[in-house]
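Subject: Structure handover

Hello,

Here is the structure I promised you. Please open it and keep it in view while you read.

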Amino acid sequence: MSGADPDLVRALGAIVGPRWVKIRDAERRTYEADGLPTHASVPMVAVLPGSKAEVIAIVRLLHERRVAWVARGAGTGLSGGALADAETVLIPLTRMNKILGIDPTARRAVIEPGVVNARLSEAAAPFGLGYAPDPSSQAACTIGGNVAENAGGPHCLKYGATTAHVVALEVVLPDGSLATLGCPQGEPWGPDLVGLFVGSEGMFGIALEITVRLEPVPAAVRTLLADFGSVRAATESVGAIIASGIVPAALELLDQACVRAVEASIYAAGYPTDAAAVLLVELDGTRAAVEAETMMVERFLTEAGARTIRSAETAEARARLWQGRKKAFGAMGRIAPDLVVQDAVVPRSALPDVLDTITEVGRRYDLTIANVFHAGDGNLHPNICYDHRDLALRERVHRASKEIMEACVAAGGSITGEHGVGADKMEYMPLIFDPTSLATMCAVRRAFDPAERANPRKVVPTRYCREWRPEPIR
Amino acid sequence: MSRLILDLLGAEFGVAVTRDPDGLPRVAPRTSDETAAALGLAHRHGWRVRVEGRGTWMPADAPADLVVTTTGLDRIGSIAPADLVATVQAGTPLRTLAAALAGHRTWLALDPPGSPDRSLGSVLATATAGPARHRFGPVRDHVLGTTVATADGRLVRAGGTVVKNVAGFDLTKLQIGGFGGFGIITEANVRLRAMPAARRTAVATGALDPLFHAAQAIVAAEVDAIVIELLSPMVTGSADWRLLVEIAGTEAGATSELARARDAAGDVALMPASGGALGVAAGQAFLEGPVSIRAGALPASLPDIADLVVEELGPGRMSLGPGRGGLRWSGTTSVERIRRLRGLLAHREIPVTLERAPWPIREGAGHFGELREGVAPLSARVRAVFDPTGVLVAPLEGRDG
């Protein structure tokens, strides 16, 4: 059983009903990890609100009692960002799963934070609309979690990550006060606090209602799959496509290790297993534009040395080409008991060299590293296979991850493109930000949460948060 | 006081210190570090600072002890055409930047109102997007990272140089459209686009209603346009409204999309036009009125809101975005009229942002007006992080009617 104060448990139960307060060990252990297997932590208690009023009441109660808390979506995050420890209350928002309204004329939807990403697109489909950000976990992840992480996905190459699609937020701040940020059209209505809140990793408050932009489902879509004899040739074709001015809906690359894992799994998509790299290019738009761009892209792919190019237009055929990409992480589960899905970004032009470095790092630490990533925006996902029971192996994985991050930063990149910093990447933050910038991030966080109780000890290493504090407002 | 400031600044900056036309000491730092040092000095001495760009957008009339101008920050640090990113100092004129980018077959897809010589920093700090926001989104979508000098002299870097990045809190968002209240942007990493092979522009002329319906039909047909914008008669100096449609892409693609736009427009005749000239003229027209506002209205409500804006603020130059929404008005008006308009539109969840005005109007109405309950204290706390003692003269808030 939890070591939680029985009085707190009673008070939480009075808000949500006792069945939605999880104190048994087995129940709490359900929440000990997110999608990243290298971090685990069991919360003091998990409380599952079913309404906006309940969320507000919980946050106010925890504020009064000075108890730290962590909000959580579906737990599909890949940075250990939604973990809570034995002193901290976890607030899963999965019961807050109502689509409150879809306005097809304005192309907007208002939703609760626990709505599953893919469900919103399904609900908008009858209006010819969809929600563009599509993380690989879209069948399970929640849009509240997407807001916290500024989630991306393959199609954000053309349509932008979550931040480009959220126009307004109703939020409860950690002191229990409420604020409505933004407006349905998207103008910020004051400083752009919507833009600041999106990607704040649960440290600024909880989004109670989220207003998002919906996009028309394109009239025509074409998916091309090209295979290459070298990764370098594949990445060079990516550069040629982007430089031409064509913005594909998605541009995804899988290396040989990844292709072989997919083809050996139940998700086999017919990718050629002898290819050094497979590139998926999706073009969407009007029929005429897609046809014209397809011809150009095929030319770039051929010029870069593509061995074969397959093309799919029907939804079914496209889904088959995509299946291997979407299920790549699952397929890699076959290779080893555990998998670290890394996330880093490099300038597109640095892709070939950085991929060589990753291969070299893998060889040096004797690790299997498979790459599947968003090539169009240089967002790498090196997948490192390991077995968590092997402590020495875990240490090698950690050191290899750090070297990969350092290589990406040295190439002018970033330590995370879409997974967030969470608990996992805090130690890398000083690689890209100086102490003053980190201290300023902490200070902005305290503007939302002076007591630092929302998702404590994430994103910015605590030592940087003590260096500078603003003087009081006059 | 002014003598003291000149002496102290002179010791730190040498030749870069001058006096502005009103006799105020003016410093033109050449680097981010110098900008931070100037603000640090102001912070320590309790001077109030007015920030200026190239003097083509916001009037240089805010009362202050010291003027910091970004005209010395005029270097283009790097252009990476393969990565479609440029690092640019904030005082760089857009025209200079565009010429440099054209040499690399790239462009920054921002077409803000005002002079082509506006500084990049002015566009970012006021978040004034032009008609190309239809395709390329608001100003914030073009900025990957910023370097900012805070009012107490720190240098803060946010974001980065890559197109996708979620490392740390997105402090860049505060600077874009922050009207200088959250520090001085000294440098920005901006996202570029590859220069399209072809651009085609078409214009229709007539009354607002039929043009608006034609524009809606073009939007509904998903025509792949970079601009769909309605310009009021005063913008183009004609008797009628104009619908401006601009398409970019391959030669064949642009031609076929323009044909689709014509089909969708039905009876409204879209005629070929010279796009660049019209766009620049329309942008400049917004300088003719002393006050410029934008209203965050959804597309369907634009004709109604346009009527209301004219009724409340008076006649003016207007542009409406029937795709993404949003309305810009410029003309002559008063603090009271802006307050009343804000009061009326707040009920419809439409914010009104004051983009440009003489000081008495900025001071009276504030760039944002009255922030909503809960937002005002939060905004004040965030602002205090960047300007703890109120050094920067940036009237963000005001009372609404």
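Below is what was found, starting with how to read it.

This is a predicted model, where local features need pLDDT of at least 70 and side-chain atom pairs count only at pLDDT 80 or more, while totals for chains, interfaces and linings use all residues. Residues are numbered from 1 along each chain as its sequence is written, chains are lettered from A and ligands numbered from 1 in the order in which they are written, and side-chain values use heavy atoms, with hydrogens and water left out.

**Chain A**

Chain A has an open sheet of 4 strands, in the order E1-E2-E4-E3, with mixed pairing. Strands (E, at least two residues) and helices (H or I, at least four) are DSSP runs, numbered from the N terminus. Two strands pair if DSSP finds at least two bridges between them. Strands E1 (21-22) and E3 (69-72) of chain A are at the edges; each has a single partner strand, so one side of each lacks a neighbour in the sheet.

Inside chain A, E2 (residues 45-47) and E4 (residues 89-92) run parallel, joined by 2 bridges. A:Val45 stands opposite A:Val89 in E4(A). Helix H3 (residues 52-64) of chain A packs on this sheet and touches E2, E3 and E4 of chain A; its direction makes about 170 degrees with that of E4(A). Contact means heavy atoms within 4.5 Å. Axes are lines fitted to C-alpha atoms, for helices over the stretch in contact, and angles run from 0 to 180 degrees between N-to-C directions.

**Chain B**

Chain B also has an open sheet of 4 strands, ordered E1-E2-E4-E3, with mixed pairing. Its twist averages 30 degrees from one strand to the next. E3(B) and E4 (residues 66-69) of chain B pair in the parallel sense over 4 bridges. B:Val51 stands opposite B:Val68 in E4(B). H1(B) packs on the sheet, touching E1, E2 (25-27) and E4 of chain B.

How do H1 (residues 2-13) and H2 (residues 32-45) of chain B pack? Their angle is about 150 degrees, with the axes 11 Å apart. That makes H1(B) roughly antiparallel to H2(B) (angles over 145 degrees count as such).

Best wishes

Key: Angles under 35 degrees count as roughly parallel, over 145 as roughly antiparallel, 65 to 115 as roughly perpendicular and the rest as oblique.
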